[in-house]
Every structure is written in structure tokens, then in C-alpha cells.
Amino acid sequence: MDSNDKPQVLEFPRFCDPRGNLSFIQNMDQAPFEIKRVEWLYDLPADTALPSRRFRRKRQLLLPLAGSFDARVTSPEGVESVFHLSRAYRGVYVPATWTVDINNIAGNTVIAILSSTIDDPDEPDTF
């Protein structure tokens, strides 16, 4: 892991139109890693807090496709940053070995999670 590899909010291209807006992510053009897996969380009750997640190798990008949430990201040394995400063209980058907690979830929120690795049940990546 690069010592400068820190969580940050990334803003993605957006095209605004009266009929609706369009944003996209094209691998390394906008994401800080090659995307190997995409998952999304939906039907989450309002004010839900998701369990902490920390991975050895996996880097993640979290985006609110609808609604909003807070991502509390904690370094291996215990330094915390909180990111409030409420726009579909902004996401938070979470480096490997950093812990992320998702909370303060608004009703009807949809969260996309883009990952740098494929989950392998025979080789867990969690701490």
C-alpha cells in the first residue's frame, strides 16, 4: 500500500440534462483501481448502521446511487474521517487496511460498492 493512499471523496463526470443526469466510472480513468466486483445495498431501513468492514487487500469505492449515508473511515493507526455522501456523482475511496462504518443511512438509499478484488470464500480478506 502506498503511504499516500488515503481515503478521499472522488467526483465523477456528470452530464446534466432536463430529462435527468448521467454519471459514469470507467475503470482507471476515474477509479483509483481496476474494478473487479460491483455490489449494491438496497431496501435498507432508515438510520441503519452497517457493521464495520476492514480488508487486507481490497480497496473500495462507496457511492450513494440514491439517498445518503455517512462513511466513517478509520486508519490502521486509529485516525478517523467522516464523509457524508448524498450525490450519485460523488463517492468515497477506502484504501486497503482501513476500516469503514456506514451509518446515518436515509430511507430508500442505494449504496454501490466497487471493489478491487473478487471475493473468495476459500481465502477471506477480512481482518
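I count two strands as paired if DSSP finds at least two bridges between them. Helices (H or I, at least four residues) and strands (E, at least two) are DSSP runs, numbered from the N terminus. This is a predicted model, so I note that local features need pLDDT of at least 70 and side-chain atom pairs count only at pLDDT 80 or more, while totals for chains, interfaces and linings use all residues. Residues are numbered from 1 along each chain as its sequence is written, and side-chain values use heavy atoms, with hydrogens and water left out.

I looked up the strand order and got 5-10-7-8, four strands in an open sheet with antiparallel pairing. Strand 5 (50-54) and strand 8 (80-85) are at the edges with a single partner strand each, so one side of each has no neighbour in the sheet. On average, neighbouring strands are turned by 20° against each other, direction ignored; the axes behind that angle are lines fitted to C-alpha atoms.

**Entry 2, the pairings.** I went through the bridges next. Strand 7 (residues 69-74) pairs with strand 8 over six bridges, antiparallel, and there valine 73 sits opposite serine 81. Strand 7 also pairs with strand 10, antiparallel, over five bridges; aspartate 70 has asparagine 103 in strand 10 as its bridge partner. Strand 5 and strand 10 share three bridges, again antiparallel, with leucine 50 opposite isoleucine 102.

For burial I use relative accessible area: buried is under 20%, exposed over 50%, partly exposed in between (1.4 Å probe, protein chains only). In strand 10 (residues 99-103), four of the five residues are buried.

How many aromatic pairs does a search of the whole structure find? I got two. Rings of Phe, Tyr and Trp (its six-membered ring) pair if their centres lie within 6.5 Å; planes under 30 degrees apart are stacked, over 60 edge-to-face, and the rest tilted. Phenylalanine 15 and phenylalanine 24 have ring centres 6.1 Å apart and planes at 10°, so I log that pair as stacked. Phenylalanine 15 is partly exposed at 48%, and phenylalanine 24 is partly exposed at 27%. Phenylalanine 33 and tyrosine 93 make a tilted pair, 6.2 Å centre to centre with 35° between the planes. Phenylalanine 33 is in the loop between helix 1 (27-30) and strand 4 and tyrosine 93 is in strand 9 (residues 90-94), so this pair ties together parts 60 residues apart in sequence. I checked their cover too: phenylalanine 33 and tyrosine 93 are both buried.

How values were computed
Axes are lines fitted to C-alpha atoms, for helices over the stretch in contact, and angles run from 0 to 180 degrees between N-to-C directions.
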